Each structure stands twice: as C-alpha cells, then as structure tokens.
Amino acid sequence: MTDSTPPPWVDDLFPFPTPPALRTLIDIAWQDAYDFFRENESYDCTLLETHYDFMFDLATTPRPPDGCDAYPEIDHQDRKLSVPHFATPEFVPFGSLGDGGCIGWLVPAPELSRLDHPVALANGHEHGVTLIGADTRTGLEFMLSRALRRWREDPDPEPPAGRDPDVWLAQNQWRINARAKDRQLADRLAAELRVHPDPDRTFPGSRWNGTAVMQDTEFGIVFDVPEGWRHEPGADGIGVLAPADAYNDREPVVYVSSWESSLEPALADAERLLDTGHPATALLGLKDIFVNAPSGHFADLKPLWARAYRDLGRPEYAERLDLMTPMYQ
C-alpha cells in the first residue's frame with residue numbers, strides 16, 4: 001500500500017456481508033473520497049453518499065477507516081438503514097433515488113445467511129416492489145441501463161440558437177463536465193462488473209414507461225426455497241419465506257378495508273397463530289393488514305408483528321419496525 005492508496009473501507013454498512021458487486025461500486029467511490037482526504041486531511045462522507053447520484057445515493061454513510069477523521073462528524077443515527085415508506089422490513093435498501101424511492105435487496109429470511117439477494121425498487125409512494133435483478137450485479141446493470149436511457153432522453157446540453165457559444169459555455173461548462181464524469185464512472189463500473197448496460201434493457205418483473213421503471217404484474221417474485229421451507233406471496237410483493245412447520249394449514253383471517261371494519265378479528269387470529277407455533281402464517285396476515293389497512297393502525301400491528309419476527313429468529317427485523325414507527329404515527 002502506498003500513500004496514495006486508500007485503506008480498505010470498513011464493511012459495516014449492512015446486517016450481512018456486502019455483495020461483491022456493491023463492494024466494487026463503493027470501492028470506486030471511496031478512492032475518490034480518499035483523494036479528498038489526502039488533500040484536505042478530512043474524510044468527507046458526502047462524497048460517498050452522492051458520488052453515484054446519476055444512479056442513486058448510498059442509503060447510509062460508510063464509517064471511515066481508522067485514522068480518517070470525518071467532517072461533518074458521522075452520527076450513529078445517520079447510519080441506521082431506514083425502511084422506505086410503504087415498504088416492509090424484508091426490503092433492505094442500499095441506495096436512495098432522491099424522490100422517496102429506494103433500490104435494495106429482498107431478504108425474506110436473513111437467517112439463511114445468503115451471500116447475495118434479489119434487487120428491487122420500492123418507490124416510496126405505494127406498496128409493492130419492482131424486481132430489477134436476480135442479484136446485485138444484474139441489479140446494478142439495470143440501474144446503469146436506466147442511466148443510459150435517461151441520458152438518451154436528455155442529451156448533452158449544447159449552445160442554443162442565437163446565443164454566443166463562448167458565453168453559453170462559460171455559464172454551462174460545469175453541466176457538460178458533470179455529464180462527462182458521469183459517463184466515465186458508468187463506463188468504469190460496467191467494465192469492472194463485466195456487464196453490458198443498454199437503454200432498452202428490461203428484467204422480468206419490470207417495464208419501461210418513458211424513463212420511469214414500472215412494475216410488470218405478469219411476473220411474480222420467486223425466491224430460492226430450501227428443502228423443508230415454504231414461500232407464500234403477500235400483498236407487500238415479498239411475502240414470507242420460512243420453515244414449512246411455521247405455517248398453519250389454513251389462511252390467516254383477512255382484513256377487509258371499509259369504514260365499519262375492525263382489525264380485532266385479524267389481530268386476534270394472528271395472536272392465536274403465534275400462540276400455537278405458526279409465526280409464518282401470522283406474519284403473512286400481519287403484513288397483508290399493513291398493506292390494506294390505514295397507516296394509522298401501524299401501532300396496533302407492531303407488537304404482534306415484532307413477535308412474529310422474533311419467533312422466526314429474525315430479531316433484526318423486529319428492530320427495523322422501530323425505524324418505521326415515526327412514519328405511521
């Protein structure tokens with residue numbers, strides 16, 4: 001390692017090992033952030049957070065390696081991975097799109113300790129997720145394709161007719177330089193990931209509406225189900241993946257949204273399912289209530305929802321419910 005070589009960034013962003021494809025992206029960003037550190041003797045975490053804003057911003061702040069003092073100082077609260085609005089804890093974001101939406105992994109059973117996960121978009125404005133990749137590498141290829149599509153629809157700026165080109169360039173050169181740098185970053189990331197983004201690329205589960213990514217409802221999300229396990233689709237688009245014996249043979253009581261409806265029958269059913277050792281069925285019903293009931297009922301759901309996660313051996317997801325609480329008060 002030389003003076004110009006950055007020390008390895010600390011791999012502590014997520015509750016599981018960072019998949020290699022995302023490590024590649026963060027390593028590239030960290031190299032530029034370290035150049036800033038060498039010149040200014042201060043680690044500017046915002047360089048990592050917004051380095052790839054043509055694709056997404058990092059969803060949380062990487063902790064600097066020892067010896068790299070950060071400015072502004074990184075607060076522990078800033079590093080907590082939030083749950084996007086209308087999403088459920090099984091969606092683990094790694095990027096923010098800046099409009100309320102996020103890109104992240106679908107991790108229905110963290111205890112399986114898998115090394116990579118399907119990638120999806122949660123738009124932050126409605127329930128459900130849009131699948132964009134079977135793993136991190138294909139998800140990033142899709143996001144690079146999305147950038148190419150946006151650039152095709154919004155070409156590099158040129159001096160308009162009637163304007164003095166020299167004056168216009170003096171005022172807008174920064175836009176041209178920023179676009180050129182974005183293209184260089186996109187080319188470098190694609191080369192290092194060995195992917196081939198294309199502005200017309202789609203992934204089963206998503207479709208284009210101009211430059212917007214839309215969910216293709218003809219495709220359901222399919223997870224790799226271990227022997228002796230079971231996956232049941234749910235209203236949140238993810239559903240529940242759990243050991244088969246954690247399910248009951250019957251469906252949970254359904255909440256029907258109406259002015260006169262009450263949560264009590266569905267909540268009582270979820271509690272019975274938990275008491276009889278069927279947390280997977282209880283969890284499926286509780287998440288479906290979350291999607292279909294008014295958001296003000298989150299507080300009613302949370303105790304049983306957290307218990308279902310704990311009974312399934314997923315205490316980290318029970319804790320993620322705490323992060324959701326302020327959004328639904």
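The residues that line the largest cavity comprise 8 nonpolar, 1 polar and 1 charged. This cavity belongs to a predicted model, and its volume is about 40 Å³. A search of the whole structure for cavities of 30 Å³ or more finds 1.

Which residues line the largest cavity? The lining consists of Pro 252, Val 253, Ala 266, Asp 269, Ala 270, Leu 273, Ala 282, Gly 285, Leu 286 and Ile 289. At least two residues of the lining come from helix 5, and at least two come from helix 6.

Helix 5 deserves a separate description. It runs over residues 264–275 and contains 12 residues. From the first C-alpha to the last, helix 5 reaches 16 Å, close to the 16 Å expected at 1.5 Å a residue.

Which residues of helix 5 are buried? They are Ala 266, Leu 267, Asp 269, Ala 270, Leu 273 and Leu 274. These residues lie on the same side of helix 5 because they cover an arc of only 160° around the axis. On the other side of helix 5, Glu 264 and Asp 275 are exposed.

The buried residues of helix 5 are covered by elements that include helix 6 (279–292) and helix 7 (298–311). Just after helix 5, the chain passes through Gly 277, which takes a positive phi of about 85°.

Terms used. Residues numbered from 1 in each chain as written. Predicted model: local features only at pLDDT ≥ 70, side-chain atom pairs only at ≥ 80, totals over all residues. Heavy atoms only, no water. Helix = DSSP H or I, 4+ residues; strand = E, 2+ residues; numbered from the N terminus. Expected span 1.5 Å × (residues − 1). Buried < 20%, exposed > 50% of the residue type's maximum accessible area, 1.4 Å probe, protein only. Arc of directions from axis to C-beta. Contact = heavy atoms within 4.5 Å. 1 Å grid on protein atoms, 1.4 Å probe; cavity = no way out; pocket = protein on both sides within 12 Å on 5 of 7 lines; lining within 4 Å. Points joined across faces, edges and corners; volume = space filled by probe spheres on them. Nonpolar A, V, L, I, M, F, W, Y, C, P; charged D, E, K, R; others polar.
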